[in-house]
Amino acid sequence: MDSDIATNLALVKARIRNAAVRVGRRPDEVKLIAVSKTHPANTLREAMNAGIDCFGENKVQEAEGKIADIGRHTAEWHLIGHLQSNKARKAVQLFDMIHSLDSVELAQRLERICIDEGRAELPVLVQVDLAGEVTKSGIDEADLSELIEFLKGCERLRFKGLMIVPPFFDDHEATRPYLVRLRELRDRMAKNGDLDGKGELSMGMSHDFEIAIEEGATMVRVGTAVFGAREYPQ
Ligand SMILES: *Cc1c(COP(=O)(O)O)cnc(C)c1O
């Protein structure tokens with residue numbers, strides 16, 4: 001197991017580097033988030049020994065135990081799955097960044113909890129549903145501007161950029177238009193001064209992270225290619 005993760009990781013890093021160089025980007029512009037959902041804390045430790053310092057989890061409850069085990073500040077923790085409002089307080093306590101902000105209501109709640117908990121800053125990404133998939137989380141493009149206006153007035157939430165989980169296609173190239181569209185939205189927001197910082201793009205999973213890097217991803221969320229297939233796919 002041990003060497004598997006180290007081997008996988010070396011391969012993923014080489015692929016990240018190649019994809020970046022191919023389009024004239026610096027490899028260090030792309031942050032690798034190792035998606036550790038379904039894997040136990042010991043597997044995360046192996047990954048840390050292999051050089052991983054940043055994990056993505058999609059469920060607050062599942063992450064809580066692992067974060068307690070490994071240490072809140074021993075690694076960076078990113079919430080990449082849908083956040084239910086009743087888990088918002090835990091999320092504020094546990095995560096360095098939330099990728100799945102998708103409504104004004106959730107933003108209001110997170111802002112209020114940050115004040116309550118004395119958390120000075122919470123970096124957030126807005127998850128956008130560009131495919132209009134009713135089953136998926138993410139805000140519709142039409143509702144984005146209201147959320148952005150709200151974020152502008154926030155004292156604690158830091159609007160860092162956008163995130164997407166595009167529909168899955170057997171032909172991975174078919175996701176490219178969604179990634180391009182997300183970048184265009186990010187560029188427009190950057191131009192309007194909506195964003196705190198240069199503007200992150202969280203896009204790209206095991207099957208399409210190279211395409212995502214070609215299209216400007218600054219964060220790729222890679223699970224299977226690092227850890228192997230999940231026993232219970234999520
Ligand atoms: C599971 C998950 C990933 C990683 O998926 P892999 O195909 O295993 O790389 C990335 N992003 C989100 C939101 C996920 O839920």
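Me: Is Cys 154 buried or exposed?
Reply: This is a predicted model, in which local features need pLDDT of at least 70 and side-chain atom pairs count only at pLDDT 80 or more, while totals for chains, interfaces and linings use all residues. Residues are numbered from 1 along each chain as its sequence is written, and side-chain values use heavy atoms, with hydrogens and water left out. A relative accessible area under 20% means buried, over 50% exposed, and in between partly exposed (1.4 Å probe, protein chains only). Because the relative accessibility of Cys 154 is 13%, this residue counts as buried.

Me: How many disulfides does the count come to?
Reply: A disulfide is taken to be a pair of cysteine sulfur atoms within 2.5 Å. Applied to this model, that rule gives a count of 0.

Me: Which residue carries the cysteine sulfur nearest to that of Cys 54, and which the one nearest to that of Cys 154?
Reply: Cys 54 is in no disulfide, its nearest cysteine sulfur being that of Cys 114 at 18 Å, and Cys 54 is buried, with a relative accessible area of 1%. Cys 154 is in no disulfide either, the nearest cysteine sulfur lying 8.9 Å away in Cys 114.

Me: Which residue of β8 stands opposite Met 163?
Reply: Two strands pair if DSSP finds at least two bridges between them. Strand β5 (residues 122–129) runs parallel to β7 and is joined to it by 6 bridges, with Gln 127 standing opposite Met 163. Strand β8 (residues 200–202) also runs parallel to β7, through 3 bridges, and there the residue opposite Met 163 is Ser 202.

Me: What is the handedness of the crossover from β7 to β8?
Reply: The chain passes from β7 through helix α7 (residues 176–192) to β8 as a β-α-β crossover. A crossover is right-handed if, with the strands pointing away from the viewer, the path from the first strand over the helix to the second runs clockwise. The crossover here is right-handed.

Me: What kind of pair do the rings of Phe 169 and Tyr 178 form?
Reply: Rings of Phe, Tyr and Trp (its six-membered ring) pair if their centres lie within 6.5 Å, and planes under 30 degrees apart count as stacked, over 60 as edge-to-face and the rest as tilted. By this rule the model has 2 aromatic pairs. For Phe 169 and Tyr 178 the centres are 6.2 Å apart and the planes lie at 25°, so the pair is stacked.

Me: At what distance does a polar side-chain atom of Ser 206 lie from an oxygen atom of the ligand?
Reply: The ligand is surrounded by 12 residues, a residue being near if one of its heavy atoms lies within 4 Å. A polar side-chain atom of Lys 37 lies 2.6 Å from a ligand oxygen, and a backbone N or O atom of Gly 223 lies 2.8 Å from one. Ser 206, in the loop between β8 and α8 (209–214), places a polar side-chain atom at 2.5 Å.

Conventions: Helix = DSSP H or I, 4+ residues; strand = E, 2+ residues; numbered from the N terminus. Polar contact = N/O pair within 3.5 Å; in protein donor to acceptor, adjacent residues only side chain to side chain.
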